[in-house]
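Subject: Structure handover

Hello,

Here is the structure I promised to pass on. Please open it beside this note, and read on for what turned up.

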Amino acid sequence: MIVAEAVGRALFRAGAETVFGLVGSGNFHVTNALIGAGARFVPARHEGGAATMADAHARAGGGLGVLSVHQGPGLTNAMTGLAEAAKSRTPLLVLAAEATSLLSNFWIDSAALAGAVGIVPMRIQAPGTAVADALGACTTAIRERRTVLLSLPLDVQAAQYTGPAEAETRFPHHEPAPCEPSELAVSDLVAALEAARRPVFIAGRGARLRGAREPLRSLAQRCGALLATSAAARGLFIDDPCDLDVSGGFATPLAAGLIRGADLIVGWGCALNMWTLRHGSLVGEGAVVVQVDSDPVSLGAHQPINLGVHGDVSLTARAALARLGDRSDGGYRSPELAVRLKHEGRWRDVPYREDREPSRIDPRTLSIALNELIPRERTIAIDSGNFMGYPAMYLDVPDVEGMVFTQAFQSVGLGLATAIGATVARPDRLTVAALGDGGALMGIAELETAVRLGLGLLIVVYNDAAYGAEVHHFGPHGHPLGTVRFPDTDLAAIGRGFGCDAVTVRAPEELTAVTTWLDGPRDHPMLVDAKITTGSPSWWLEEAFRGH
């Protein structure tokens, strides 16, 4: 067989079971080899969408993400989605054909392009090593949780495969041993926990990925710590009575006050960046800050820390738990606080004065109403923009896999493709794509993909006819806003044109169309064009722009 066929078959055996992409001449044979071996191929309408779908599919529990693209523009079209995946440490394998002649219109320096955004560049080197090279790329993606570009030179792809027979090739599935924390570091951590009267744990993506939920919950209960997460790990402690939900700009007033009142903050696999700690303003005066991470480069990178523990989050929590005695005073926890958190701990419990504009709906009112309508088993996929806190704060999630938050690169336009990838990974749940109008229009071509696949996807567009972040950032200073405001777009009509059910919503009672769709077969998407109020900035971005 030719190299492309051998590589496709080997990658399927190694875990490439669902593949997203667009097929051109350069990736035609390897994609068909994957399909022939048993892989599901999901064709998108743009490589950028396909890349984001593969990223979201992996994040939502679909295993290794796999993308197949044509040489040259196939790869460059995918780069924004791939930059997001690389920054999020998504295990994603990119199969990209490569033109080898400098005279080819398709030639680019793909290794340099990959390296510029944090992707690991690798390559099929020769017909005899092709399968080993491919499996090496797969190993790197899975073991190191990296986005890997596997370049497939056209001449090597077309050559006869001369390497080991299929039965002789093996893929090492085991992960490397987790990083053990030092005895001294664990002792210092335990001493900090014993000295603290008001400890707070903030868990991030690292805690989510390392299965640290139970040891962290047990350790928090033992030392009396309250629990919070970054947005990327939202839902990790969903059923704990002392769960504060998300720390940072999305935190409720009650949660923010409790975090700010902590005398010890421990970040577990969490960057402790400006979003999670509000530029450090959630760190109270005199508070001790500890960070636990398996990546030593992350320790203290964003926030000054008093102690850095280099170690696997789960192992470190278990080691601390084994040494820590029970405390008699309950720490920061109390039955009274648990009651307060139950009744005041979510944004839907926080009173607000409704914004009123003719023929427009307050996005908080919209989000609260949607939360009551949709099933509890859901995945919330959120695009970037001024609106993004409303679905992140007001739409509940059932567990840690209930929100796919593609914000590492802060690119607008990834939300719809994110929702499609998440739906393919978890068809048992209702996926809600929460988009702004700018992002919806950027990724609108993938509506055809959602309709073609028959996905029961709920698409909610928070439509303010603008790039709202810029309007609210620059408007108060008297700057002209003609570049960031647009005529209103009838997105419901566009959705119907693609084959979606669709409704324009200006008041809560108009959401009855969503109820009707939910009660139906859900064999095609539903698009809600919600005309939201435009007068108020989102407080989380307003705070971020102020830088404090």
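Predicted model: local features only at pLDDT ≥ 70, side-chain atom pairs only at ≥ 80, totals over all residues.

Strands E16 and E18 pair in the parallel sense over six bridges. Two strands pair if DSSP finds at least two bridges between them. Helices (H or I, at least four residues) and strands (E, at least two) are DSSP runs, numbered from the N terminus.

Residues are numbered from 1 along each chain as its sequence is written, and side-chain values use heavy atoms, with hydrogens and water left out.

**The sheet around E16**

E16 also pairs with E15, again in the parallel sense, over five bridges. There, Ala433 stands opposite Ile459 of E16. Both strands belong to an open sheet of six strands, in the order E14-E13-E15-E16-E18-E17, with parallel pairing. The edge strands are E14 (403–405) and E17 (501–505), and each pairs on one side only. Neighbouring strands are turned by 15 degrees against each other on average, direction ignored. Axes are lines fitted to C-alpha atoms, for helices over the stretch in contact, and angles run from 0 to 180 degrees between N-to-C directions.

E17 runs parallel to E18 (residues 526–531), and five bridges join them. Val505 is opposite Ala530 in E18.

How many residues of E16 are buried? Six of the six are, so E16 is largely enclosed by the rest of the structure. Buried means under 20% relative accessible area, exposed over 50%, and partly exposed in between (1.4 Å probe, protein chains only). Both faces of E16 are covered. Leu458, Val460 and Tyr462 are buried on one side, and Ile459, Val461 and Asn463 on the other.

Helix H18 lies across E13 (378–382), E14, E15 (430–436) and E16 (458–463). Its direction is at about 170 degrees to E15. Eleven of the eleven residues of H18 are buried, so the helix is largely enclosed by the rest of the structure.

**The cores**

A nonpolar core is a set of buried Ala, Val, Leu, Ile, Met, Phe, Trp, Tyr and Cys residues joined through side-chain atoms within 4.5 Å. The largest has 41 residues. Leu67, Leu75, Leu82, Leu457 and Ile459 touch the most other members. H18 (residues 415–425) gives the largest share of this core, five residues. A second, separate core of 40 residues includes Trp347, Val350, Ala434 and Val503.

Contact means heavy atoms within 4.5 Å. Leaving aside neighbours within four places in sequence, Leu67 is in contact with residues including Phe20, Ala51, Leu82 and Leu95.

**A helix pair**

The axes of H3 (residues 47–62) and H5 (residues 79–87) come within 7 Å and cross at roughly 25 degrees. H3 and H5 are therefore roughly parallel to each other. Angles under 35 degrees count as roughly parallel, over 145 as roughly antiparallel, 65 to 115 as roughly perpendicular and the rest as oblique. H3 brings Ala51, Thr52, Asp55 and Arg59 to the contact, and H5 brings Gly81, Leu82, Glu84 and Ala85.

**The other sheet**

Another open sheet of six strands has the order E9-E8-E7-E10-E11-E12, with parallel pairing. E9 and E12 (307–310) stand at the edges with a single partner strand each, so one side of each is left without a neighbour in the sheet. Four bridges join E11 (residues 288–293) to E12, and the two run parallel. Asp293 has His310 as its bridge partner in E12. Helix H12 (residues 253–260) packs on the sheet, touching E7 (199–203), E8 (226–229), E9 and E10 (264–268). H12 makes about 110 degrees with the direction of E9.

**Two residues to look at**

Most residues other than glycine have a negative phi. Asp245 has a positive phi, near 70 degrees. Asp245 sits in E9 (residues 243–246) and counts as buried at 10% relative accessibility. Ser359 also has a positive phi, of about 60 degrees. Ser359 lies in the loop between H15 (335–344) and H16 (363–373). Ser359 is partly exposed, with a relative accessible area of 46%.

Best wishes
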